[in-house]
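I opened a notebook for this structure. My notes follow in the order in which I looked things up.

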Amino acid sequence: MERLSKIGGISKFEMIKMMQQVLNEKEFSYWVHQDLFSFQWWLIVVINALFLLLFYFFIDRQRLFFMLLVFFISFDIVGLVDEFGKFFNLWCYPHQMLPFTDRFNTVDFAIIPVSIALVYQFFSKWKFFFIAHIITSAVIAFIGIPIFKALYLYQLLNWSMFYSFLTVFVMGIVVKMISDWIAGKKRGYSVS
C-alpha cells in the first residue's frame with residue numbers, strides 16, 4: 001500500500017481536511033452574516049413552503065404512502081445529482097436555507113421532487129407521463145432557472161439551461177422506472 005505523501009509533516013489528507021474545515025467555517029460565517037434572513041433566504045423558505053403545500057393539497061390520499069415514497073425517491077435522486085454538479089463546479093447556490101446541506105435549497109428540496117411526484121401521480125401511463133414530464137422539465141429549465149438566476153438563487157457555472165432540461169428529464173424517467181418497479185413488486189405481493 002502506497003504511503004500518503006507528507007507536506008511539512010502533515011499528510012495530504014490531513015491538509016485537505018483542514019482546508020475543508022476552514023471552508024466550512026467561512027461558509028457558516030457568510031450564511032450567518034450575509035444570508036440568514038436576507039431577501040433570498042426568505043424567498044427560499046416561501047417557495048419551498050408553497051411547493052410543499054401544493055404537494056399536500058394535490059397528493060392522492062388513497063395512495064399517500066406510495067406518493068410520499070415517490071417524493072422521497074425524487075428528493076434523493078435530485079440531491080445526488082445536485083451533489084455531483086456542485087462537486088464538479090457545474091452550478092452553485094449563492095444562498096442556502098441551511099448552511100450545512102445543499103439539499104434545502106429551492107430547487108432540490110421542493111420544486112423538482114414535488115413536480116416529478118405530482119406528474120407521476122397524475123400521469124401514470126408512460127405516454128402521458130413522458131409528455132407531461134417533458135413540459136414540466138422545460139418549464140423548470142427554461143423559465144424557472146432564468147428566474148432563479150435573476151434572483152441570485154442559482155448560478156450556472158459550467159452548465160447550460162439545456163443540460164438542466166435534459167438532467168431534470170432523465171431524473172424524472174429514473175424516478176418513474178423505480179416507482180413503477182416498486183408498484184409492480186407491491187402488486188405481486190398483494191395477492192388475495
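Which residue forms a salt bridge with Asp180, and how far apart are the closest N and O atoms? I looked up the pair and found Lys176, with the closest N and O atoms 2.8 Å apart. I count a salt bridge when a side-chain nitrogen of Lys or Arg lies within 4 Å of a carboxyl oxygen of Asp or Glu.

**Ground rules.** I am working with a predicted model, where local features need pLDDT of at least 70 and side-chain atom pairs count only at pLDDT 80 or more, while totals for chains, interfaces and linings use all residues. Residues are numbered from 1 along each chain as its sequence is written, and side-chain values use heavy atoms, with hydrogens and water left out.

Entry 1: I stayed with the Asp180 pair. Asp180 and Lys176 both sit in helix H6 (residues 161-189). They are 4 residues apart, about one turn of the helix. An α-helix has 3.6 residues a turn, so residues three or four places apart point the same way.

Are the two partners buried or exposed? I use buried for under 20% relative accessible area, exposed for over 50% and partly exposed in between (1.4 Å probe, protein chains only). Lys176 is buried, because its relative accessible area is 1%. Asp180 counts as partly exposed because its value is 23%.

The structure holds 2 salt bridges. I looked up Arg63 and Asp60 as well: they form a salt bridge, with the closest N and O atoms 3.1 Å apart. Arg63 is at 29% relative accessibility, so it counts as partly exposed. Asp60 is partly exposed too, at 24%.

**Entry 2: the whole chain.** I stepped back to the fold. The protein chain has 6 helices and 4 strands. Helices (H or I, at least four residues) and strands (E, at least two) are DSSP runs, numbered from the N terminus. I read the order from the N terminus as β-β-α-α-α-β-α-α-β-α. The C-alpha trace spans about 70 × 50 × 30 Å along its principal axes.

How much of the chain is buried? I noted 40% of the 192 residues. The accessible surface comes to about 12,000 Å², and carbon and sulfur atoms hold 71% of it. These areas come from the Shrake-Rupley method with a 1.4 Å probe; for residues, only the protein chains shown count as cover.

I then checked contacts, meaning heavy atoms within 4.5 Å. Of the contacts with a separation of 6 or more, 72% join residues 24 or more positions apart.

**Entry 3: helix H3.** The 24 residues of H3 (residues 64-87) should span 34 Å, and the end C-alpha atoms are 34 Å apart, which agrees. Buried residues in H3 include Phe66, Met67, Val70, Phe71, Ile73, Ser74 and Phe75. Asp82 and Gly85 are also among the buried ones.

**Entry 4: Ile116.** I picked Ile116 in helix H4 (residues 106-122). Ile116 is buried because its relative accessible area is 2%. What does Ile116 touch, not counting residues up to four places away in sequence? I listed Ser74, His133, Met171, Gly172 and Val175. Ser74 is one of the buried residues of H3. I also looked up Ala132: its C-alpha atom is 9.7 Å from that of Ile116, and the two are 16 residues apart along the chain.

**Entry 5: positive phi.** Asn89 has a positive phi of about 60° although it is not a glycine. Where does Asn89 lie? I placed it in the loop between H3 and strand E3 (91-92). Asn89 is partly exposed because its relative accessible area is 43%. Leaving aside neighbours within four places in sequence, Asn89 is in contact with Leu157 and Asn158. Asn89 and Leu156 are 67 residues apart in sequence and 8.9 Å apart in space, C-alpha to C-alpha.

Tyr152 also has a positive phi, near 60°, and is a residue other than glycine. I found Tyr152 in the loop between helix H5 (126-150) and strand E4 (155-156). Tyr152 is partly exposed, with a relative accessible area of 39%.

How values were computed. The expected span of a helix is 1.5 Å times one less than its number of residues.
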